[in-house]
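Have the viewer open while you read.

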Amino acid sequence: MMDVLRVVDIKKNFGGVNAVDGFAMVQAKDEITGIIGPNGAGKTTVFNLITGVYPVDFGKIWFGDRDITALPSHRITALGIARTFQNIRLFRNLTVLENLKIAYGIRIRYTLWEEMVRYPTVGRSEKEGEDLAKNYLSYFGLEKYAGSFPYNLPYGLQRRLELARALMASPKLLLLDEPGAGLNPREIRQLMETILHIQTDNHLSIIVVEHHMELVMAICTTIHVLNFGKKIAQGKPEEIQHNDAVLQAYLGDKV
Amino acid sequence: MAFYLKVLEITCLQTIFVLGAYLMTGLTGLFSLGQGGFVLIGAYTAAVAYLKFHLAFPVAIALAILVGSVVGFLIGIPTLRLHRDYFLLVTFGFGEMVRAALLHLAQLTGGALGIAGIPQLVGLPMILISIAVITFFIANLKRSRFGRNCIAIRDDELAASLMGIHVYGYKMRVFVLSSAITSYGGALYAFVLMFIEPNLFNWLESAKLIVITFVGGINSITGAIISSVIYYSFGEFFRFIDVWRDVLLAVAVLLVTIFRSQGIFGSWEFSLRRILRRRTKAT
């Protein structure tokens, strides 16, 4: 079976600091993988390198059988990688519904001229996008906020909205950057169920960067542990829990 | 009466320029002080084509749009990669450069003396129809993918590109479209004023277009049009209070920015369909 994503020995240096120093991973289809590590370990940088936010200094990234190492972000997204952000990044001047329709844009086929004169195709395509967006809104319990602006929503709902927006692009691979940040224990449990649901419903492959161990251990089949840009461990959740290097990185040396 | 008609024509022409600025600054968040450059390019291209090369009037207008768009494209290639403040500075430089170039290319442009003797071929009906058509285009763009993507770029470029939006490509389309609209307005301007000179539209005038867009509400085409009409007609009809009208307008702008930071109209849009729907509901 073809692997969804193959990251081969990527490196990134920021002004002398090796943010990512030779990271490699393979993402199997329909699996949930976790990336954990202390603050500043380079987890988000890995996401930024995969999605083309920064150019990679060294190494290769393959999405299926395509080399996406040097592609710009918008092309990578169009190929089928969607992501959420550690610090929520919704579009403040677009309504909740429009925020979802933004991600649907890559699937729209009408041209600029057709838009300008409002061809019938435009209305039809807009309707399709709107119907899909409404589906996702009700799936995430956000339907009554369709017309509001995103930053008027409570924090937990903004997180859900980001997730819904990422799904609108119908990606093959979903990258979740600390989806549980700032959520309370009850919301974390809800989030776990949601992630598992969307994985099975959409046949998605998911990579999660997360600090909540409970969440990572519960939903991930494979976990990669990063520290100072290097991978210090990889394995199943129960293996990671008893790994000495991991315990050392998180808690310090044994006395 | 003729005076008031002229005032009305000029006011409406300014509205075309404001619509061009709305597309850039209001919708996409690109602050350009170079709109004046495109007004001048449009006006001079049309006037020179008509008077010196004896092209037909519609051809001269079309040529003005073409030249404006091509210049917009060429200026856009390097500048649209720049960040906000740098983009502002470069477009400022561009606008002033066009003005200086027109002053010095005296053989073609008449230099500081300008070009006189342009026939008045454009009247109020043509200007109003133009506004209607341009508004129709922009309103359609605003309520489909193009407009949404532009607003997304204005709000957060990085997030926009991760939603699959080609940010640079979109900025380019906006810039060229806005240049085309502005040069078209400039071309009409020449045939309304009957006399053009390089100081017709300097960077201060370009800055006013941005201010008007903001006062009207950056999320509202309706706001841009109405505040433009009020601003320019106010300026003409209140000439008797002299410098005080600038003071008055400045105070108005200040009050709006302090108390209504989203602009007078916020994101409200005039909608014929909504009015009709309400009618049918009432009966």
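How many residues does the contact take from chain A and from chain B? It takes 28 residues from chain A and 23 residues from chain B, where contact means C-beta atoms, placed from the backbone, within 7 Å.

Before the points, some housekeeping. This is a predicted model, with local features needing pLDDT of at least 70, side-chain atom pairs counted only at pLDDT 80 or more, and totals for chains, interfaces and linings using all residues. Residues are numbered from 1 along each chain as its sequence is written, while chains are lettered from A and ligands numbered from 1 in the order in which they are written.

1. Back to that contact of 28 residues from chain A and 23 residues from chain B. On the side of chain A that touches chain B, α2 (73–79), α3 (96–104), α4 (112–116) and α5 (120–139) of chain A each supply at least two residues. Helices here are DSSP runs (H or I, at least four residues) and strands are E runs of at least two, numbered from the N terminus. By class, that side of chain A has 14 nonpolar, six polar and eight charged residues (nonpolar: Ala, Val, Leu, Ile, Met, Phe, Trp, Tyr, Cys and Pro; charged: Asp, Glu, Lys and Arg; polar: the others, Gly among them).

2. Chain B has 13 helices and zero strands. Its radius of gyration, over C-alpha atoms, is 19 Å, which agrees with the value near 19 Å for a compact globule of 283 residues (the rule is 2.2 Å times the number of residues to the power 0.38). The C-alpha atoms of chain B fill a box of roughly 55 × 45 × 40 Å along the principal axes.

3. Buried means 20 or more other C-beta atoms within 10 Å, exposed 12 or fewer, and partly exposed in between, with C-beta atoms placed from the backbone.

4. Chain A splits into domain 1 (1–80 + 172–255) and domain 2 (95–170), with bounds from an automatic or database domain assignment. Their C-alpha centres lie 27 Å apart. The contact takes nine residues from domain 1 of chain A and eight residues from domain 2 of chain A.

5. Gly40(A) sits in the loop between β3 (32–36) and α1 (43–50) of chain A. Gly40(A) is partly exposed, with 14 other C-beta atoms within 10 Å.

Note on methods:
Contact = placed C-beta atoms within 7 Å.
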